[in-house]
Amino acid sequence: MLKPEEYKFFLDYVYGLIVVDTDANIIFMSKQFADYIDVNQDEVVGKPIKEVFPPTKMDKALDKGEPEIGDFYIIEGKAVASTRVPLRKNGKLVGLMEYDLFQDTEMLEQFIENYINLDEEIKYYKEEVQKLRSARYSIDNIIGNSQAIETLKKEIRYAARTNSTVLIQGETGSGKELVAHSVHNLSKRYFQNFIRINAASIPENLVESELFGYEPGAFTGAKPKGMKGKFELADKGTIFIDEIEELPLSIQVKLLRAIQEREIDKIGGKKSIPIDIRIICATNQDLEQLVRENKFRKDLYYRLNVVKINVPPLRERREDIPKIAEYTISILNNMLGKNIKGIHSKVIEELMKHDWPGNVRELQNVIEKAMNFAEGNMLRVKDFNFLFAEKCMDPDMASIEWNNPIEEIKRNAEREFIIKALDLNDGNRTKTAELLKISRSLLYQKMKRLNIEYKR
Ligand SMILES: Nc1ncnc2c1ncn2[C@@H]1O[C@H](COP(=O)(O)OP(=O)(O)OP(=O)(O)O)[C@@H](O)[C@H]1O
Ligand SMILES: [Mg+2]
């Protein structure tokens, strides 16, 4: 270790370091700078800086008395950037210090390169954060060219142009989330946060703090620093409240206030916080009906229902099924490392007849399952046996059961469950029967009745 005063020695190596008094006479010039302008470091002390180094701006900076950071100028064709700092003691100006960021073009280039690298790094991290916080899907992910989809896309584009609250209604799996992402991504807010919250998945006693946050010490067990709620996180961006019908009535009042006043109250907070937010909600329920049953506040319903987007169920746009199927296969090929080239036309015919109560999500699941069964690179009817079993292989039973949805669902569930159990036991019938707590013979009977042809 050196003594503190010994470190002063290194000041000689600082680029362009000059200290002057209030008369702009030199007190100190680093050896680096003295060598650079070809003068003797000791001999210049006490001389006016203007005389020793005529291009100097230190005299003017003294008059100004304010710092100049990274002031850029050219001396004899060389790029220089200096920082000048007034020196004060007890508030009184006693002199000025200057040092250089760079003294020639090479250093400038290095500086710019560093800056660009840093800028790229910052951009990269910004994008990463953006990905984490943003809407993943865009309108191009909505596949189909049926009239219903064309209309839907028009409605999305329209909603994106406004700042109004959007209510998305549609059956489960029909693409409501996709629509919410698309509205945000097409709106002016696309570069801001897209914060998603599912009202059904938060325990009732946590909904308020999740949505609106809390101040430090708001309640026992609270984080000591307090917490930002989703509304605050989504400030300047969009908040997407999924399954809005699940919002407890007490929270509905607060949401109404947030929408009307454009401000929120944190739990334990003394002041309201203004927020600039775009609200998108989604539901697979008939909200109007819930309003009639007093399960959803009427005033809130009207506030939410400014721009309504109805997402049509898949059975009302069956002509989109081939395209969606194809699209799903291409995505799953990548994900599952498969190379399925297409679907047999017979399958498409059958898929188009199906009613798809689970909509696009169900179609995706069905295709994924079929891809797991597939042996060649085309999906064939037999790969879809689990779906068409009743229809294709057992026409008599199908005609009875097809009109009996409860039975059909039970049967499908039972079938799927048994196949899973067989999977778990590598097809071993004895172990599977044990797992299902039924006799081996009953398992065989069920497999026969449910058309389970399980090969080991
Ligand atoms: N038109 C479409 N084209 C391609 N994929 C779609 C389309 N509609 C929906 N999907 C896909 O189907 C799946 C279900 O969609 P999404 O999650 O948006 O449904 P949802 O209406 O929010 O359902 P839930 O009410 O169950 O939450 C997603 O994987 C989504 O990407
Ligand atoms: Mg959803």
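I count two residues as in contact if their C-beta atoms, placed from the backbone, lie within 7 Å. The model is predicted, with local features needing pLDDT of at least 70 and side-chain atom pairs counting only at pLDDT 80 or more, while totals for chains, interfaces and linings use all residues. Residues are numbered from 1 along each chain as its sequence is written, and chains are lettered from A and ligands numbered from 1 in the order in which they are written.

Whole chain. I looked up the secondary structure and found 19 helices and 16 strands, taken as DSSP runs numbered from the N terminus (helices H or I, at least four residues; strands E, at least two). Of the 456 residues, 28% are buried, where buried requires 20 or more other C-beta atoms within 10 Å of the residue's own, and exposed 12 or fewer, with partly exposed in between. The C-alpha atoms fill a box of roughly 110 × 55 × 50 Å along the principal axes.

Helix α5. I then turned to residues 147-161, where the 15 residues of α5 reach 22 Å from first C-alpha to last, close to the 21 Å expected (1.5 Å times one less than the number of residues). I found I149, L152, I156, A159 and A160 buried in α5. Seen down the axis of α5, these buried residues fall within an arc of 100 degrees, so they line one face of the helix, the arc being that of the directions from the helix axis to the C-beta atoms. On the face turned away, I noted the exposed residues Q147, E150, K154 and R161. For the packing partners of the buried residues of α5, I recorded β6 (166-170), α6 (176-186) and β14 (307-311).
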